Amino acid sequence: MVEVRGVHKRFGSHEVLRGIDLDVYPGEVTVVLGPSGSGKSTLLRTLNHLEKVDRGQISVDGGLIGYRRVGDRLYELREREILRQRTRIGFVFQNFHLFPHLTVLDNLTEAPVSALGLSRAEAVARADRLLERVGLADKRRAYPRQLSGGQQQRVAIARALALEPRLLLFDEPTSALDPELVGEVLDVIRDLAEQGTTMIVVTHEIGFAREVADTVVFMDEGRIVERGTPAEVLDRPRHERTRAFLSKVL
C-alpha cells in the first residue's frame, strides 16, 4: 500500500529526513515512535505531499504521490491532481483542524460533496453512519466549540473516513487531549484496526502500539533506527538508541 524509497527532506540547513525507506502492506497498522524532532510528523506529511520531498519517491496504492514519471524524470503534479490524490489518503491531525463555523454534520459532508461529487443526501447518509460508528450520532448539529477534545478528535476521524480513503494517517492523535479523553480516541482507532484499515500512526502511546500495531518503527534524527513487531521493538530492542528512548517512556 505504501512504498517509501530514499526520501530526504530538509528545511534550510536542517536535514529532517535522511534517506527513509518504508513499506506498509494493505490492512497493516504501522506505529511510528521516536523523540520529538526525529522527523515523524514530517514523514507523515510527505505521504500526501503536504511537504515536498527533496530526494526519493513515495507511492501509495500503486501511484506516485505528488509526481508523474516521464521517462527517467519526475514532474510535479498540478494542485488539482494532488488534491485528487489526497482524497485517497485520510489525515487526522493532533489539533483536530475542524471548521469551527460548521456543524459536525457539515464538517463531514463538505469534502464528499465538493471532492467526490456526492449528492448532499448521499453525503449526509454517509456522515450519519460514520457518526454512529464513532459514537457521536447525537452531536450531528453541534459545533466544534461545544464538544470535548476527545469528541472533536472522533469527529476528525469520521471526517477523514468520509472520503473512504485507502490509507489513514494519524499524527499524534491523542497528544492534545486530557489524559481521561485519550482512551475514547484510541478505542476508535482500535476498531478501525480490527476492520482491516491500513494506518500509519505517529504516537507516544506505547501500550497502544503494543496492542494494535503490526509493525513498530522507531525513528531518530531523521532515520529509521529500528523496525519490527511490537514484541521485537518494544520488548527486545536491538539498537541502543531505541533502548534509551523506551527506558524513559515505559
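Within helix α4, the residues A123, V124, R126, A127, L130 and L131 are buried, where buried means under 20% relative accessible area, exposed means over 50% and partly exposed lies in between, for a 1.4 Å probe and protein chains only. They cover an arc of only 165 degrees around the axis, which puts them on the same side of α4; the arc is that of the directions from the helix axis to the C-beta atoms. This is a predicted model, in which local features need pLDDT of at least 70 and side-chain atom pairs count only at pLDDT 80 or more, while totals for chains, interfaces and linings use all residues. Residues are numbered from 1 along each chain as its sequence is written, and side-chain values use heavy atoms, with hydrogens and water left out.

**Helix α4**

- Helices (H or I, at least four residues) and strands (E, at least two) are DSSP runs, numbered from the N terminus.
- On the other side of α4, the residues A121, R129 and E132 are exposed.
- The buried residues of α4 are covered by elements that include α3 and α5, with contact taken as heavy atoms within 4.5 Å.
- At 1.5 Å a residue, the 14 residues of α4 should span 20 Å, and the end C-alpha atoms are 20 Å apart, which agrees; the expected span is 1.5 Å times one less than the number of residues.
- After α4 comes G135, whose phi is positive, near 75 degrees.

**The largest pocket**

- A pocket is defined on a 1 Å grid over the protein atoms alone as an open set of points with protein on both sides within 12 Å along at least five of seven lines, whereas a cavity is a set of points where a 1.4 Å probe fits but cannot get out; lining residues have an atom within 4 Å of a point.
- The largest pocket holds about 670 Å³ of space, and of the 22 residues that line this pocket, R86, T87, A111, R159 and L163 are the closest to its centre.
- Helix α3 supplies the largest share of this lining, with 6 residues, and α2 (79-86), β8 (89-92), α3 (104-116) and α5 (149-161) each supply at least two.
- By class, the lining has 12 nonpolar, 6 polar and 4 charged residues; Ala, Val, Leu, Ile, Met, Phe, Trp, Tyr, Cys and Pro count as nonpolar, Asp, Glu, Lys and Arg as charged, and the others, Gly among them, as polar.
- T87 lies in the loop between α2 and β8, is buried with a relative accessible area of 15%, and touches A115, L116, L163 and P165, not counting residues up to four places away in sequence.

- About 190 Å³ of space lies in the second largest pocket, a volume being the space filled by probe spheres set on grid points that are joined across faces, edges and corners.
- The residues lining the second largest pocket include R126, L130 and R133, and α4 (residues 120-133) gives the most to this lining, with 3 residues.
- A search of the whole structure finds 1 cavity of 30 Å³ or more, and the lining of the largest cavity is made up of H14, E15, V16, R18, G37, E221 and G222.

**The loop between α4 and α5**

- S148 is found in this loop and counts as partly exposed at 26% relative accessibility.
- S148 touches L181 and E184, not counting residues up to four places away in sequence.
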